[in-house]
Amino acid sequence: QDKPAPFDKPGAVKIALVRYLSTGDFFQAYLSGVEAQAKALGVDLRVLDSRQDAALQADMVDQAIALGVQGIIIQHGLTESMKEAAQRAVDAGIKVVAFDVNVENPKIPQIEQSDRDLARLALEQAVKDNGESWKAGYVYVAGIAPLDRRNETWVDFKKKYAGINEAAMFGTLDNPIANSVANQARSVLSANPDIKVMFAPYDEFAKGVKIAVDEAGLSQDIKIYSADISTSDIAAMREPDSAWAATAATNPAVVGQVSVRALAQLLAGEDPGHNVIVPPTLITQKDLIDKDIKNMEDLSAKLPQFAHADVAMPAWMPNPNAK
Amino acid sequence: MSSGWVRMAAARDHAIRYGFIVLLFGLIAYFAVAADGFVSPQSAVFIFQSVAITGVLALGVTATLVVGGFDLSIGSVATSAMMAAAYVMVVLEQNAVVAVVACLAIGVIVGLINGWLIVYMRVPDLLATLGTMFLLVGLQRIPTEGRSIATGMTMPDGSVANGTFGAGFLALGRHRFDFFIPNLIPVSVVVLLVLAVLIWFFLEYTRFGRMMYAVGSNERAAELAGAPVKAYKIWAYVISGVFASIGGILLAARLGRGDIASGNNLLLDAVAAALIGYAVLGAAKPNAFGTAVGAVFVGVLLQGLTMMNAPYYTQDFIKGLVLVVALVFTFALSGRGKR
Amino acid sequence: MSSGWVRMAAARDHAIRYGFIVLLFGLIAYFAVAADGFVSPQSAVFIFQSVAITGVLALGVTATLVVGGFDLSIGSVATSAMMAAAYVMVVLEQNAVVAVVACLAIGVIVGLINGWLIVYMRVPDLLATLGTMFLLVGLQRIPTEGRSIATGMTMPDGSVANGTFGAGFLALGRHRFDFFIPNLIPVSVVVLLVLAVLIWFFLEYTRFGRMMYAVGSNERAAELAGAPVKAYKIWAYVISGVFASIGGILLAARLGRGDIASGNNLLLDAVAAALIGYAVLGAAKPNAFGTAVGAVFVGVLLQGLTMMNAPYYTQDFIKGLVLVVALVFTFALSGRGKR
Amino acid sequence: MGNNAVFRVHGLRKSFGHIEVLGGVSLDLHAGEVTVLMGANGAGKSTLVKIISGVYERGGGTMSLAGHDFAPQDFALQDFAPNTPAEAIRAGVVTVHQNINDGVVADLDVATNLTLDRLSGSGAPTLFNPGRVRREAKAVADRMGLAIDLRARISDLSLADRQMVAIARAMAHQPKVLILDEPTSSLSSAEADRLFALLDRLREHGVAILYISHRMSDIRRLADRIVSMRDGVISGVFDRKPLDYEGAVNAMLGRKIHLDRIVARNSARLVLTIDGLRIAQGARPIALTLGDGEVVAITGLVGVGKTALAETLFGVRKPLSGTMMLNGKPYAPGSTGEAIAAGVFLVAKDRGENGIVGDFNIQENISLPFHRRMSRLGVLKRRIERATARRQIRELGIVCRSEKDEMSALSGGNQQKVMVARWMSQAAKLFILDEPFQGVDISARRDIAAKLRASANGRATLLFVTELDEALETADRILVMSEQTIVGEHRNVDVDLERLLAEVAGGPLHSAA
Ligand SMILES: Nc1ncnc2c1ncn2[C@@H]1O[C@H](COP(=O)(O)OP(=O)(O)OP(=O)(O)O)[C@@H](O)[C@H]1O
Ligand SMILES: Nc1ncnc2c1ncn2[C@@H]1O[C@H](COP(=O)(O)OP(=O)(O)OP(=O)(O)O)[C@@H](O)[C@H]1O
Ligand SMILES: [Mg+2]
Ligand SMILES: [Mg+2]
């Protein structure tokens, strides 16, 4: 295989992944994607994990610089704290890409799983299933960047469809999230028994809502639309009479791969473009049942657009999924 | 000593004893008026259900409070038990009984470790249980490398875990007993009530419970009265561990998977319930009845506020406010109150 | 007593006094060999910087531990201060000085409230500070309805907040002083060191500090000896509040915004550092020097593990393990150790 | 009299809840005089002291103190109403309270404890200089003749040493009024003598001293005046020399007491046999037998090993060597639980630390060791518990409202009676009492002694006391302990006191030089 420099010598390239969030399936799958692509490329990967400490994350960029890496992936974080750190890395001649955090730097490609698209896909399906007029419950916690972006779509949607009536908004990030949201959703359902649609644009929320709907015995009467997917979400959606109708998701592993590929392109002197968007996939209950999809592997196997994104994929780039 | 004085003192005594209960009923009355659908058997059952898990944890931590200790590890014991249950059933493909036994074993072992550290190694309670807390938070994620456990998941070695949550196990989270109304009372509520009555009876009416209070109040005096103080203290941590693992079982049964979660909120809510318990009936000391009422109190508050569409942050705020006000009321009036 | 016995006792004494320090240096030596790039001035500074904020909080909570109390509200005081700083500058468009003053005021006020609840209302420490914790967690989110505060944000009423973080304020988080190497030592590290020395000196070498220890050990004896016990206790909570708010200022300065998701782990990490401090130099009681060492210890551990590419969950596990082992060592040997 | 009073209380009242404890107490303290306050347990002495020293708020009445430009002849009394202990101390009213653990801070060293009040005083230098503090502490200790390592932690000291530290600190104040609430309750006679010498000096310097004690020997040694108190009112003032001690005791009790002569008994059956028992490294072995129905007292200086022996018998500590036989069977308790099961009971000394469960009421405190006997299938039978408590309250004359009273609401002496009542509530085979009369008034002491003797059949009774009087009043046999071993034995008939005292003083611990 002819890889361009510096990838022609295996092990010559050292990159760092500087993480803000790490706990949970999404982040674990993202990491595995990063690792898989890094391995396929033969680069040495350092993982610096700030465990949701934004200040520490900025320091870790400096640390990565001190470690002498050639490329850095910034995974999540806050614009304000990462902007300058990212700039310092660029100044030090290091190539940087950022996933899901806007570091406001023209030299740094932004990898995105488009949260607005995620929400839009799910909501369009809701309108398709339920018509343009229904009473909704909405799960939202402000202040979390991806949820805020998904919220923008929801707000636009409510403007667009006057018949959609948000009867209740709730949500919490108390751990375990599904359990806490289930408690809240139960209360909301007893206060608003006429809710038809629950929009829970984060799978932990959806999981909690589903538990509440089941416990209230309303699984025939309510439909849940969400974002993100995991193996256990698939199981929950596949349950007989499951209220969880559809979810929109990007494959976090693919996003991880794309992040590394974009960085590799930069290192090889190519331009991945400033906005590298990984397109989301709509996954409906019907898809899962019809195609007999039981877990993430089946999903990748049977929905190819989910398994691989042809993003940042020049000809020389090894594809870790092609075995 | 005028009779006026006597009457005033009696009134104050009543305020201390029943103030908190009155507050609870006041809240219920308020929500009954302000929030549609608040008053119904289902709603009542639901309140119990929503606090069942934290309530069980709170009852456990009450036992350690009674012997003058504290257990910061309960939240992580619960989540560890949840992960273990899922691991046993999904990865090891064992049945529900094995899973439950494994969870309880975790509770016992962690309790013994905590007790051993505190009693024999003389590590202060907060410190020892903080240590085991961190340990467990890490440990529970190692077997799956930080992934949640669900049927069909891919293991770190690439194999697929095909076990499922047994129906019997899920029933712990989902089955409901008939009680006048069919399918009314969920298993978790029954578990909460049974454990509450058990630990209440144990602490109030058996000689073991009485001695645990003695140990908590004056360890040396209890020892010189013939009590095996070390055994009692270890026992308290084992109770706490087992109750926390029961909480974890209920959690797993409700969620139907092993969910990556720190359990910090479980810890805080359980501690809040146990501490609110101090204020119930003017006890000014840890007590199982108070803990149960404290848990229900938090449940009523959150249920009512959610039904009134209060956003989550106002719920925290009001939870804090009511807690502080209720407690000022109780402790300031009773003039006792020390841990 | 034979000289062998004396020598053994002396060896044990040494083990108690220096065991923890030896462990710390052992860790450093291990990481120096095992982890690339661990030994460098930058790395050392980085370790200090990574624990600066929790360290400051831990020093504050040490003051409450000294008077026999506990402060669960420090984490939420820090995040409230951070939100307040952002609110003052971004929404109210005030300058850095106003923001800092507002934060400190929050620290003082919360400290006074905690102290008042505990001292005058006789609410147990854990309970009172748990209450204020919930209160603040809710309160800090009300002005923006749960949104994070950043320049250009939309307020609940639809207006756009146009203030910015002052350069002076941001410098608190970002400026670095030259120290042999240019731009080496960040402000936060200097703040940590200065506060550590201050509180250490205060507790060890002023009569106020000594009396605080007396209050913590035997409140009644201190009071009967003429100490204004109430004032000392309130003072301890004010120190704790102010330190936590300083931590919040540093956090805001580092982040450059008021972020609702940040600061979740501050409480537990700070408490861990303060409690590890018990084990340093065999103190077996809260002490500022120990707290500072405890904070650095956690920093070294996490930094080393990160450099060795250990996943986050093994870090928790090892943190817990080392904590437990170190403490068993200290407390079991010293044979003292009670909170 | 009273025109040269330095301190005066008039019509002082105090109630707890609706129980009146002080019903209008009037009292003068005079410069250069020791006023002894006598009163039965629960009479209200400590309550009075706590009001004077700013711990409790008074319910009514006035207090006044000579002005700050204090001179013994200064008649201008000013109103005095301390709101806090600090205010009282600043005004020159210094108190050593009854509960020793309220006087010292266990986790701090002796030096800091000796200077605690200076550290908290407003004029003190801000910086804490350990060297200077030690120098100051040394000065304080030297005045008192204290020879304690200033770096030692209080928690490592004996009760007597703790008490001496608390007293030394109070003395160092140059107070106008010094109040001592049962300061000798855990001191040996040597230490008490040191204290008395110091009080003499303070008296010469014109300090007004209020001294509370149940020990007649103290009172005879010190008193210039005696004030008797009964049920919260002053029932007699005795200041005509020679002082009418008997009258004072009668006034405080409201009746005459009479002392039954001890008829020393012999025992037929052996209950406890101790042979070759060594309780400390390097100590000589102890051999000892106790008979059925016998009351044996072991006396000796503080620190000679009385408590150690008591605790060895009770299974708290292990002997280094030797055997014990109880009722003919080998007895080697591994824990207090085993000892109790074998019928060996111990009333431990220092009730605050070793006896009282503060969160429990009287009834629960009494039943504490006997839960097993008072329960079925682990469930406590509260009716039996209550009946037992009521019986014991009656038997020992514990002054309380009911068996549900909190322990903290009892006077010191009554708390002690609860401790004795606890262990007398069930039949023992070997009944050990370590300093059981701490803080108990004379009449109650004699009551308890009489009860002990009356119920002595069927068990052996072993009493550890520092006060010789207590041994003479109670025991059939008196053993003397010195240097962790028994050095003398006396039948309690015409005891050769001289020899006994010589044996007591025999140990090298007695360094009164
Ligand atoms: N905090 C309290 N609450 C209720 N009653 C109390 C309290 N303190 C003391 N008493 C009651 O006040 C009375 C007087 O107690 P006080 O301690 O003054 O007695 P005393 O004369 O010092 O006795 P002693 O010789 O036993 O020390 C007792 O009957 C006691 O029960
Ligand atoms: N924890 C301890 N560590 C070291 N030495 C001790 C300890 N406890 C007691 N001792 C010593 O053992 C000896 C016996 O003490 P013990 O308390 O039995 O004396 P005692 O005669 O009962 O005195 P007291 O009248 O104070 O009770 C003393 O020399 C004492 O200093
Ligand atoms: Mg008294
Ligand atoms: Mg003794």
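Predicted model: local features only at pLDDT ≥ 70, side-chain atom pairs only at ≥ 80, totals over all residues.

Residues are numbered from 1 along each chain as its sequence is written, chains are lettered from A and ligands numbered from 1 in the order in which they are written, and side-chain values use heavy atoms, with hydrogens and water left out.

**Entry on ligand 2**

I began with the polar contacts of ligand 2, and found one of its oxygen atoms 2.6 Å from a polar backbone atom of D:Gly303. An oxygen atom of ligand 2 is also 2.8 Å from a polar backbone atom of D:Lys306, and for D:Ala308 the distance from a polar backbone atom to a ligand oxygen is 2.6 Å. How much of ligand 2 does the protein bury? Taken alone, ligand 2 exposes 620 Å², and the protein buries 55% of that; such accessible areas come from the Shrake-Rupley method with a 1.4 Å probe, and for residues only the protein chains shown count as cover.

I then listed the surroundings, where a residue is near a molecule if one of its heavy atoms lies within 4 Å of it. Those around ligand 2 include D:Val304, D:Thr307, D:Arg317, D:Lys349 and D:Gln484. By class, I counted four nonpolar, five polar and three charged residues in this shell, with Ala, Val, Leu, Ile, Met, Phe, Trp, Tyr, Cys and Pro taken as nonpolar, Asp, Glu, Lys and Arg as charged, and the others, Gly among them, as polar.

**Entry on ligand 1**

Which residues come nearest to ligand 1? Of the 22 residues around it, they are D:Lys45, D:Ser46, D:Thr47, D:Ala409 and D:Gly413. A backbone N or O atom of D:Ala409 lies 2.5 Å from an oxygen atom of ligand 1, and the side chain of D:Gln98 has an N or O atom 3.0 Å from a ligand oxygen. A polar backbone atom of D:Gly42 is 2.8 Å from an oxygen atom of ligand 1. The protein covers 86% of the 640 Å² of accessible area that ligand 1 has on its own.

In this shell I found seven nonpolar, twelve polar and three charged residues. At least three residues come from each of domain 1 (5-92 + 174-253) and domain 4 (361-423) of chain D, the bounds being those of an automatic or database domain assignment.

**Entry on the domains of chain D**

The assignment for chain D also gives domain 2 (107-172) and domain 3 (257-343 + 427-512). The centres of domain 3 and domain 4 of chain D, taken over C-alpha atoms, are separated by 25 Å. Between these two domains, 13 residues of domain 3 are in contact with ten residues of domain 4, where contact means heavy atoms within 4.5 Å.

**Entry on the chains**

Which pair of chains has the most contacts? Among the five pairs that touch, it is chains B and C. Chain A and chain D do not touch, and their nearest C-alpha atoms are 36 Å apart.

A rotation of 180° with 0.1 Å of shift along its axis superposes chain B on chain C, with an RMSD of 0.5 Å. The two copies are thus related as by a two-fold rotation axis. In chain B, the C-alpha nearest the axis belongs to B:Asn264, 3.8 Å from it.

**Entry on the backbone**

Last, I noted a cis peptide bond joining A:Ala5 and A:Pro6, with omega about 0°.

Notes:
Polar contact = N/O pair within 3.5 Å; in protein donor to acceptor, adjacent residues only side chain to side chain. Least-squares fit on C-alpha atoms with pLDDT ≥ 70 in both.
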